[in-house]
Amino acid sequence: MQFKSNGRVTGAKFFKDLVEGKAYDSTTVYVEVSLDERAGAAKGSATTGFQWGDSGNYQRIKHLPFPFEAELTYELLTNGKGQSKQVLIDLKPVKQA
């Protein structure tokens, strides 16, 4: 299942290298998310890292001034045993924050 959300991108990094003969190529994007305030033990926001494909995605946004607002497209995935995770599949900058 895919869904879109607007969010504040606070940072990004990539890793592309060989480690013990295995190739790695990834981008991590840091997005501001709200803390769970329902129990009354937290308030405000924090940043969470989302994997976003390979290092080519970092190249798409490295020139932008951070932080910036973006339309984020996520996909909700499961392993079939009730556990699910959100994966960032697209990011479209909207404006500088």
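The accessible surface of the protein chain comes to about 6700 Å², of which carbon and sulfur atoms contribute 49%; such areas were computed by the Shrake-Rupley method with a 1.4 Å probe, and for residues only the protein chains shown count as cover. The structure is a predicted model, in which local features need pLDDT of at least 70 and side-chain atom pairs count only at pLDDT 80 or more, whereas totals for chains, interfaces and linings use all residues. Residues are numbered from 1 along each chain as its sequence is written, and side-chain values use heavy atoms, with hydrogens and water left out.

The protein chain contains one helix and five strands, where helices (H or I, at least four residues) and strands (E, at least two) are DSSP runs numbered from the N terminus. Along the sequence these elements follow the pattern β-β-β-α-β-β. Taken along the principal axes, the box filled by the C-alpha atoms of the protein chain is roughly 45 × 40 × 25 Å. Of the 97 residues, 21% count as buried; buried denotes under 20% relative accessible area, exposed over 50%, and partly exposed in between (1.4 Å probe, protein chains only). Contacts are defined by heavy atoms within 4.5 Å. Among the contacts in the protein chain with a separation of 6 or more, 50% are accounted for by residues 24 or more positions apart.

A residue of strand 2 (residues 22-34), T27, is buried, with a relative accessible area of 0%. Not counting residues up to four places away in sequence, T27 touches K13, F14, F50, Q51, W52, G53, D54, S55, N57 and Y58. The side chain of T27 also reaches the backbone nitrogen of Y58 at 3.3 Å.

A search of the whole structure finds four aromatic pairs. Rings of Phe, Tyr and Trp (its six-membered ring) pair if their centres lie within 6.5 Å; planes under 30 degrees apart count as stacked, over 60 as edge-to-face and the rest as tilted. One of these pairs joins F3 and Y74 and is stacked, at 5.4 Å centre to centre with 25° between the planes. This pair links distant parts of the chain, since F3 lies in strand 1 (residues 2-19) and Y74 in strand 4 (residues 68-78), 71 residues apart. F3 is partly exposed at 30% relative accessibility, whereas Y74 is buried at 5%. Together with F50, these two residues form one aromatic cluster.

Side chains of opposite charge can pair when their charged atoms come close. Four salt bridges are found in the whole structure, each defined by a side-chain nitrogen of Lys or Arg within 4 Å of a carboxyl oxygen of Asp or Glu. One of them joins K4 and E71 (3.6 Å, N to O). This pair connects distant parts of the chain, with K4 in strand 1 and E71 in strand 4, 67 residues apart. K4 is exposed, at 55% relative accessible area, while E71 is partly exposed at 25%.

Another salt bridge is formed by the side chains of R8 and E32 (3.7 Å, N to O). Because R8 lies in strand 1 and E32 in strand 2, the pair ties together parts that are 24 residues apart in sequence. R8 is partly exposed at 31% relative accessibility, and E32 is likewise partly exposed at 35%. The side chains of R38 and D36 also meet in a salt bridge (2.7 Å, N to O). In that pair R38 counts as exposed at 77% relative accessibility, whereas D36 is partly exposed at 43%.

Technical notes
A polar contact is a pair of N or O atoms within 3.5 Å; within protein, one must be able to donate a hydrogen and the other to accept it, and residues adjacent in sequence count only if both atoms are side-chain atoms.
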